[in-house]
Amino acid sequence: MKLVMVGSGYVGLVSGICFADFGFDVSCVDVDEVKIARLARGELPIYEPGLDQLLSENMAAGRLRFTTDLAQAARNADAVFIAVGTPSRRGDGEADLTYVFAAARQLARVLKPGAVVVIKSTVVVGTCRKVKAIIARENPGLDFSIASNPEFLREGSAIEDFMRPDRVVIGVEDARAEKLLRRAYRPLYLRDSPIVVTSLENAELIKYAANAFLALKVTFINEVADLCEEVDGDVQEVARAIGLDGRIGPKFLHAGPGFGGSCFPKDTRAFAAIGQTNRAPQRLIETVIAINEARKQRMADRILAELSDPRDAKIAVLGVAFKPNTDDVREAPSLDIIPRLVAAGARVTAHDPEAWTHAQPLLDNVSWAADPYEAAAGADIVVVLTEWNAYRGLDLKRLARHMRGRVLIDLRNIYRAEDLSDSGLSYVSIGRPRIISAPPSSSGLARKDALVS
Ligand code: UDX
């Protein structure tokens with residue numbers, strides 16, 4: 001079976017490479033010539049654990065090609081997946097479908113009869129029908145099918161998510177498209193991944209509703225964390241206990257600095273816009289968006305509140321990616337928080353194992369360190385902003401020795417009280433009491449200090 005993936009961004013690349021790994025013949029297409037040239041040399045434009053190996057294996061096996069020539073690639077394709085970007089439209093927040101429609105117009109003239117066009121990009125409800133109408137108008141009489149197959153990949157664990165999904169969602173209106181997509185995902189049957197076959201509209205809605213709900217869950221626990229701070233509670237213990245209720249579930253209950261990334265912010269805005277357009281306002285999600293925006297600002301205020309005068313201070317920030325195991329900084333809390341620290345007059349030195357090259361052009365007046373200890377040198381405050389594994393095992397006594405001040409602000413709750421003991425650090429986290437640890441010379445016992453929290 002010949003598959004074409006239009007758009008070699010995150011979703012297109014991961015899906016294309018994984019479909020090739022299933023044994024299908026895959027062509028990945030993009031308009032970006034530099035990107036395609038790099039891919040054709042076996043170089044990945046994104047960082048995703050394990051993807052480089054799958055890329056080289058499947059290229060070597062002759063199942064995976066990269067091209068800018070959509071017409072040539074699509075001519076013999078059994079299915080063409082559209083996985084181009086759908087950025088937020090300025091003004092109303094709805095997904096911008098320009099690239100999706102442009103791809104549809106190009107495909108109309110080259111598709112072979114019987115081909116299936118599958119929309120993988122996250123699109124507004126009703127888009128599949130619009131794409132179908134565009135193709136039918138451009139090439140009347142062409143026999144083709146349309147399908148929706150939204151993607152639920154998480155950055156950093158995208159291969160695992162593709163290979164072992166909680167479910168595959170397929171929106172179709174005819175048996176041909178269903179048959180083709182069932183075949184494309186057949187390797188997953190062995191792993192008992194449920195395939196949900198539904199209408200085009202439902203499939204489009206499922207993607208938005210899933211991401212909106214997850215963003216709501218994260219925002220809920222963030223607000224519970226705020227309450228914990230006021231009443232001397234511990235959000236991790238509360239989250240663990242509520243997560244044991246099977247109706248709630250333990251995932252996406254980690255309090256933090258607010259959600260970011262390429263999906264949650266964009267998809268919540270689009271979902272809210274779809275609700276407004278269709279006279280069914282999604283008021284919960286509208287509130288989630290507002291709370292999350294305000295939260296990032298509050299995180300900066302919280303850091304600054306630890307300083308008597310920010311103009312005289314140095315702050316070390318560990319992690320700028322929106323989450324670990326990715327070099328992605330799109331809508332990362334770091335991009336809101338760090339400029340506020342700089343604007344307040346603080347000198348900021350940052351570190352990130354992968355994302356710093358992407359963040360550097362976006363963050364003015366920030367110095368970049370080669371490792372966390374170098375970042376901490378002379379700092380009054382060290383802030384953990386992304387929960388990279390590399391930060392979980394830091395030698396906190398060594399970190400403290402490098403610092404001028406003694407405050408460690410952990411916006412991801414990666415340390416426990418016992419990790420702090422003997423470090424001499426004053427530890428501020430999210431939704432948990434402040435811990436003031438004795439310096440190495442004294443008793444070494446960490447004590448909880450509810451008064452300061
Ligand atoms: C998300 C969805 O999970 C995925 O199904 C969809 O296809 C794309 O959007 P992704 O953006 O890669 O994936 O990251 P995810 O792991 O979901 O995290 C999103 C944001 O929420 C991050 O900023 C993360 O730090 C934050 N988050 C997540 C929390 O703050 N707490 C949590 O408990 C979980």
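**Domains and ligand site**

In this model, which is predicted, the C-alpha centres of domain 1 and domain 2 lie 29 Å apart. Between these two domains, the contact draws 14 residues from domain 1 and 10 residues from domain 2. The protein chain as a whole is divided into domain 1, covering residues 2-198, domain 2, covering residues 208-294, and domain 3, covering residues 296-451.

**Between domain 1 and domain 2**

- Together, domain 1 and domain 2 bury about 890 Å² between them, and carbon and sulfur atoms account for 55% of that area.
- On the side of domain 1, the residues that lose the most area to domain 2 are Ser 88, Glu 94 and Thr 122, which together make up 39% of what that side buries.

**Residues around the ligand**

- There are 18 residues around the ligand, and those that come nearest are Phe 152, Leu 153, Glu 155, His 254 and Gly 260.
- By residue class, the shell around the ligand divides into nine nonpolar residues, three polar residues and six charged residues.
- Helix 9, which spans residues 200-231, contributes three residues to this shell, and that is the largest share.

**Polar atoms and cover at the ligand**

- A nitrogen atom of the ligand lies 2.9 Å from a backbone N or O atom of His 254, one of the residues that come nearest to the ligand.
- Gly 260, also listed among those nearest residues, has a polar backbone atom 2.8 Å from an oxygen atom of the ligand.
- In the case of Lys 323, an N or O atom in the side chain is 2.9 Å from an oxygen atom of the ligand.
- On its own the ligand has 660 Å² of accessible area, and the protein covers 92% of it.

Technical notes
Residues numbered from 1 in each chain as written. Predicted model: local features only at pLDDT ≥ 70, side-chain atom pairs only at ≥ 80, totals over all residues. Heavy atoms only, no water. Near = heavy atom within 4 Å. Polar contact = N/O pair within 3.5 Å; in protein donor to acceptor, adjacent residues only side chain to side chain. Areas by Shrake-Rupley, 256 points an atom, 1.4 Å probe, with all protein chains shown as cover. Helix = DSSP H or I, 4+ residues; strand = E, 2+ residues; numbered from the N terminus. Nonpolar A, V, L, I, M, F, W, Y, C, P; charged D, E, K, R; others polar. Domains from an automatic or database assignment. Contact = heavy atoms within 4.5 Å. Buried area = accessible area lost by both parts, 1.4 Å probe.
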